[in-house]
Amino acid sequence: MNTLRMLCLLIATISMLVLNSVALTCKDGQKVFIRGSITFPDSPKTVIESDAKLTVELQDIAHADAAAKVITKVVDDIAEFPKEFTIKFLPLQITEGHRYSLSVSIRNKKNELLYINDVIAQVIPLGTGRTKYIDVPVILIKKTTPSVSKQQWPELVGEKGEDAVKIIKQETGFTNVVTIQEGSPMTMDFRTDRVRVIITDKDIVASTPTIG
C-alpha cells in the first residue's frame with residue numbers, strides 16, 4: 001500500500017512539473033526566445049564589410065500559396081561569421097498547427113543583398129519540444145569590395161595561412177594577398193594593394209600580416 005501511495009505521489013509530482021514548465025513557456029504576456037548562430041559554410045571565418053546589417057525574421061509559412069507572414073524580426077550589426085542571434089516573440093503571436101521558419105538576410109549600407117539562407121530553417125516556437133537553438137547557414141549573393149579600414153591583422157597570427165588569405169581578401173577586396181614561407185626572400189618595394197602573409201612550414205601565420 002505504501003508503495004502504491006509513493007508511486008501516485010511521484011506521478012502527481014511529475015505532472016505538476018510538466019504543467020509548470022508548459023505554463024512558463026505559454027503565458028501570453030511572457031516573451032519566448034529562440035537563439036541561434038548564422039554560419040557561412042563555404043568559409044567559416046569570413047569577415048564581412050563593416051557596415052553590414054543582419055536581419056533575422058520569424059515567419060509563418062503555413063500557407064504555401066501565399067507570402068510568408070513576418071511575426072517578428074531582429075536587426076543587428078554583423079562583421080564576421082559565425083554570428084550569434086536571439087529573436088523574441090509572444091506566445092499569442094503563434095497559431096497552433098501552423099509552420100514557422102527563420103529567414104536570414106545580410107545587407108550593406110547601400111542596401112545591397114550580400115547573404116541569405118536558401119534552405120528553410122524550420123522551427124517549433126512553442127511547447128515542450130520547441131526550438132531553443134538553431135544553426136542557420138547562408139550563401140553568398142553578392143560579392144562587394146569592402147573599404148579598407150585597417151593596415152594590419154594581428155588577430156590572424158596562429159591561424160592557418162589559407163584562412164588568413166581568405167579573410168584579408170574579403171575585408172580589403174585585394175586580389176594580391178599571398179602566403180610566403182618564413183625566411184624566404186622578398187622584394188623590398190611597398191605596395192598599397194598587397195598583403196604578404198608569412199607562414200611556417202605547417203601553414204600557420206607566423207607574424208602580423210600587413211599591407212605593403
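Reply: **Helix H2 and its surroundings**

Strand S6 (113–116), strand S10 (176–181) and strand S11 (194–199) are the elements against which the buried residues of H2 pack; a contact here requires heavy atoms within 4.5 Å. The model is predicted, so local features need pLDDT of at least 70 and side-chain atom pairs count only at pLDDT 80 or more, whereas totals for chains, interfaces and linings use all residues. Residues are numbered from 1 along each chain as its sequence is written, and side-chain values use heavy atoms, without hydrogens or water.

The residues of H2 that are buried are Gly161, Ala164, Val165, Ile167, Ile168, Gln170, Glu171 and Thr172. Buried denotes under 20% relative accessible area, exposed over 50%, and partly exposed the range in between (1.4 Å probe, protein chains only). In an α-helix there are 3.6 residues a turn, so residues three or four places apart point the same way.

H2 comprises twelve residues, 161–172, and its first and last C-alpha atoms are 16 Å apart, close to the expected 16 Å; that expectation is 1.5 Å times one less than the number of residues. Gly173 follows the helix with a positive phi, near 80°.

In the chain as a whole there are two helices and twelve strands, defined as DSSP runs numbered from the N terminus (H or I, at least four residues, for helices; E, at least two, for strands). Their order along the sequence is α-β-β-β-β-β-β-β-β-β-α-β-β-β. Of the 212 residues, 35% are buried. Among contacts with a separation of 6 or more, 61% link residues 24 or more positions apart.
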